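User: Can you walk me through this one? I'd like to start with the strands and end with the ligand.

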Amino acid sequence: MALALLISVACSGSKQQENEKTEAKAEGKSIVVFFSHAGENYSVGDIKVGNTKIVADYITELTGADQFEIVTHKYDGMAYGPLTELAKQEQQQGELPPYEGDIDLTPYSTIYIGGPVWWGTYPQVMFTFFRDHDLSGKTIVPFTTHEGSGLGRCVRDVKKAYPKATVLAGFDIYGHDVRTGRNKVEKWLKTLKD
Ligand SMILES: Cc1cc2nc3c(=O)[nH]c(=O)nc-3n(C[C@H](O)[C@H](O)[C@H](O)COP(=O)(O)O)c2cc1C
């Protein structure tokens with residue numbers, strides 16, 4: 001029930017995003033930046049590797065891009081229910097949880113940015129990363145995994161964080177489909193080269 005509510009809250013922006021045309025093509029040196037939460041999750045049970053990490057690994061492998069994982073241990077071991085409550089609270093309060101390590105994105109012209117949809121947009125820790133990295137002039141390729149919200153508000157929020165970047169239309173896939181979804185990712189990546 002909690003997820004149904006989440007998704008109805010979160011779906012408002014997805015239609016518009018779906019209709020957006022790709023504005024430019026991914027090119028130059030690229031990197032996949034992502035956040036993913038392993039552990040208990042909706043529809044897939046207790047997973048050792050998070051859904052978005054699986055997609056990030058496909059993109060890395062298929063494009064030869066570098067990779068940076070946004071890591072926080074804040075949610076380690078949390079059950080799904082309490083995690084949704086904490087994530088909602090973080091979003092409402094605009095919290096920006098710290099992440100571990102860092103990366104200089106200067107050499108990259110294309111940044112794939114991916115994460116799960118949490119309450120309609122990316123988890124707050126990703127916004128901490130956005131705050132710390134100026135991607136003006138770069139091409140950003142957003143992607144999400146989700147359980148019904150599609151891209152949610154993610155593309156809109158990335159555009160808001162990076163008004164001077166070129167933000168492509170984005171790609172989304174159901175979290176419970178990622179383990180058999182390599183072909184879908186490959187097909188999508190081909191559209192960026194056409
Ligand atoms: C805290 C939390 C909030 C979520 N909110 C949404 C949501 O608003 N819309 C949706 O479709 N799925 C939602 N989900 C489901 C996740 O987006 C989905 O399971 C995703 O594939 C998880 O990716 P990960 O394993 O990489 O973290 C939520 C899951 C969690 C844990």
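User: How many bridges join S1 to S5, and do they run parallel or antiparallel?
Analyst: This is a predicted model. In it, S1 and S5 are joined by 5 bridges and run parallel. Phe34 stands opposite Gly114 in S5.

User: What about S1 and S4, how many bridges there?
Analyst: 4 bridges join S1 to S4, residues 66-69, and these two also run parallel. Val33 stands opposite Phe68 in S4.

User: Which way do the residues of S1 point?
Analyst: Ser30, Val32 and Phe34 point one way, and Ile31 and Val33 point the other way. In a regular strand the side chains alternate between the two faces of the sheet.

User: Is S1 enclosed or open, and why?
Analyst: Enclosed, largely. 5 of the 5 residues of S1 are buried, so the rest of the structure largely encloses the strand.

User: Switching to the core. How many residues are in the largest nonpolar one?
Analyst: It has 42 residues, and Tyr112 and Ile140 have the most contacts inside it. Elements that give two or more residues to this core include S1, H3, S5 and H5. H5 gives the most, with 5 residues.

User: What is Tyr112 in contact with?
Analyst: Leaving aside neighbours within four places in sequence, Tyr112 is in contact with Ser30, Val32, Val33, Ile59, Ala65, Val141 and Phe143.

User: And where does Val167 lie?
Analyst: Val167 is in strand S7, residues 166-167. Val167 counts as buried because it has 24 C-beta neighbours inside 10 Å, and the cut-off is 20 or more. Not counting residues up to four places away in sequence, Val167 touches Ile140, Pro142, Val155, Val158, Lys159 and Tyr162.

User: Is Trp119 buried or exposed?
Analyst: Buried, because 22 other C-beta atoms lie within 10 Å of Trp119.

User: OK, the ligand. How many residues surround it, and which are closest?
Analyst: 26 residues surround the ligand, and the closest are Ser36, Gly50, Thr52, Pro116 and Gly175. The elements that give two or more residues to this shell are H1, H3, H4 and S6.

User: Which gives the most?
Analyst: H4, with 4 residues in the shell.

User: How does the shell split by class?
Analyst: 11 nonpolar, 13 polar and 2 charged residues.

User: Back to H4. What span should it have, and what do its ends show?
Analyst: H4 has 13 residues, so at 1.5 Å a residue it should span 18 Å. Its end C-alpha atoms are 18 Å apart, which agrees.

User: What follows H4?
Analyst: Gly94 follows H4, with a positive phi near 60°.

Methods
Residues are numbered from 1 along each chain as its sequence is written. This is a predicted model: local features need pLDDT of at least 70, side-chain atom pairs count only at pLDDT 80 or more; totals for chains, interfaces and linings use all residues. A residue is near a molecule or strand if its C-beta atom, placed from the backbone, lies within 6 Å of it. Ala, Val, Leu, Ile, Met, Phe, Trp, Tyr, Cys and Pro count as nonpolar, Asp, Glu, Lys and Arg as charged, and the others, Gly among them, as polar. The expected span of a helix is 1.5 Å times one less than its number of residues. A nonpolar core is a set of buried Ala, Val, Leu, Ile, Met, Phe, Trp, Tyr and Cys residues joined through C-beta atoms within 7 Å. A residue is buried if 20 or more other C-beta atoms lie within 10 Å of its own, exposed if 12 or fewer, and partly exposed in between; C-beta atoms are placed from the backbone. Two residues are in contact if their C-beta atoms, placed from the backbone, lie within 7 Å. Two strands pair if DSSP finds at least two bridges between them.
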